[in-house]
Amino acid sequence: MRTVYLNGEFVPESEAKISVFDRGFMFADGIYEVTAVLQGRLVDFDLHLARLARSLGEMALQLSLDREQLLAIHQELITRNQLQEGLVYMQVSRGVQDRNFLYPPVGSPLTVVLYTQAKVVLDSPLAKRGMSIIGLPDLRWGRSDIKTTQLLYACMAKEQARAQGADDAWLVKDGWITEGTSNNAFIITHDGAVVTRELSRALLPGITRGALIALVKEHDLRLEERAYTLEEAQGATEAFITSSTSFIYPVVNIDGHPVGDGKPGPLTRRLRQLYIDHALAVIA
Ligand code: PMP
C-alpha cells in the first residue's frame, strides 16, 4: 500500500481522508502539479514549483510550505514508496468550508495532498508506436493557463477519442489548435520548423514544452510559436505531444489521416532523445 502525504502527515493511502466539504471536491477549487520521477529523482522540480507559484497566485491561494519543505515532502514520498520511475502528484485546494461560493477568509487552512504513482516513462510503447489523435472543439473555460483540477472536459475529450479508437484529442478553438487534452501539441513543417502554439490564456504553459523549446533553440533548429490548424497538422511532416510523464510522443495519425509516412518521424525521435538526455542530466 502506498504512503501518501495529507496536510502535514505521511499516512497509508487507506487512511488518507478528505472532508466532503472540501472545496476541491465541491468546486474543483484547487490546483495541481505533476513532476516526473526517473531513477528515484525529480525532473525539473524547480520549474514545476515556479508554475505552482503562478497557479497559486492566479487563484489567490496562499500556501505556507516553502521550496525546501515541498522538495522534502516529494523526496520523502519517493523514498517511502520506493519509486524508481513515474510521477509525484501534488494538489492544493482551498480547504474545507460549508457550501459557499465566496472564498473563506485569507489564512484559512488549505488541503495539501501528494502521492506517487509508478509509470513506465523511458520505455513507453507509445513513444515507439506513436499516437493517433482526433480533433475536437476546445470547450474548456477561458483560463486554461492555470493548472486547476477542473479537468472534466479533458476526461470527456479523452473518452470521445477512445470511442473512436484513437489515443487522444487535440483541441481546436476558433479554427486553431490550442493544445492536447493533457499535453502540448507540436508539428514539424516540411522545411524543418518546429511549430507550437504561442502561450496565452488558451493553453497550459507546459514545463516539457518550455524545456523542449530551449533544446530546439540550443540545437539551432527553427522554432515558430504560432497558431496552426488541424489541416496544417495533417499535412505536416511530423507531429508530436509533450507532457511531464510522456516526455515526447510522436503523433502519427490525425482524424484518420497519416502524418508524414504514418510512422514516428526522425526529428521527433531525435527531440525525444534530447529531452531524455536533458531529464537525466537535471534529475535531483
Ligand atoms: N496541457 C494540458 C492541458 C495539460 O494537462 C498538461 C499536463 N498536465 C500539459 C499541457 C503538459 O504540461 P507539462 O509538460 O507541464 O506536463
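**View 1. Leu-63 and the residues it touches.** Leu-63 touches Leu-52, Leu-56, Leu-70, Val-92, Leu-110 and Val-112, with residues up to four places away in sequence left out of the count. The model shown here, as in every view, is predicted.

**View 2. The largest nonpolar core.** This core has 25 residues. Those that touch the most other members are Ile-31, Leu-52, Leu-63, Leu-70 and Leu-114. Two or more core residues come from each of the elements β3 (30-38), α2 (45-58), α3 (67-80), β5 (86-93) and β6 (111-118). Helix α3 gives the largest share, five residues. In soluble globular proteins, nonpolar side chains tend to be buried together.

View 3. The domain assignment places residues 3-118 in domain 1 and residues 125-282 in domain 2. Their C-alpha centres lie 26 Å apart. Domain 1 puts 22 residues into the contact, and domain 2 puts in 21 residues.

**View 4. A nonpolar patch on the surface.** Val-20, Phe-21, Phe-25 and Val-96 make a nonpolar surface patch of about 430 Å². One of these residues, Phe-25, is found in helix α1, which covers residues 23-27. Is Phe-25 buried or exposed? Phe-25 counts as exposed because its relative accessibility is 63%, and the cut-off for exposed is over 50%.

Methods. Residues are numbered from 1 along each chain as its sequence is written. This is a predicted model: local features need pLDDT of at least 70, side-chain atom pairs count only at pLDDT 80 or more; totals for chains, interfaces and linings use all residues. Side-chain values use heavy atoms; hydrogens and water are left out. Patches are made of residues with over 30% relative accessible area and no salt bridge: like charges are joined within 9 Å, nonpolar side chains (Val, Leu, Ile, Met, Phe, Trp, Tyr) within 5 Å. Accessible areas come from the Shrake-Rupley method with a 1.4 Å probe; for residues, only the protein chains shown count as cover. A salt bridge is a side-chain nitrogen of Lys or Arg within 4 Å of a carboxyl oxygen of Asp or Glu. Helices (H or I, at least four residues) and strands (E, at least two) are DSSP runs, numbered from the N terminus. Buried means under 20% relative accessible area, exposed over 50%, partly exposed in between (1.4 Å probe, protein chains only). A nonpolar core is a set of buried Ala, Val, Leu, Ile, Met, Phe, Trp, Tyr and Cys residues joined through side-chain atoms within 4.5 Å. Contact means heavy atoms within 4.5 Å. Domain bounds come from an automatic or database domain assignment.
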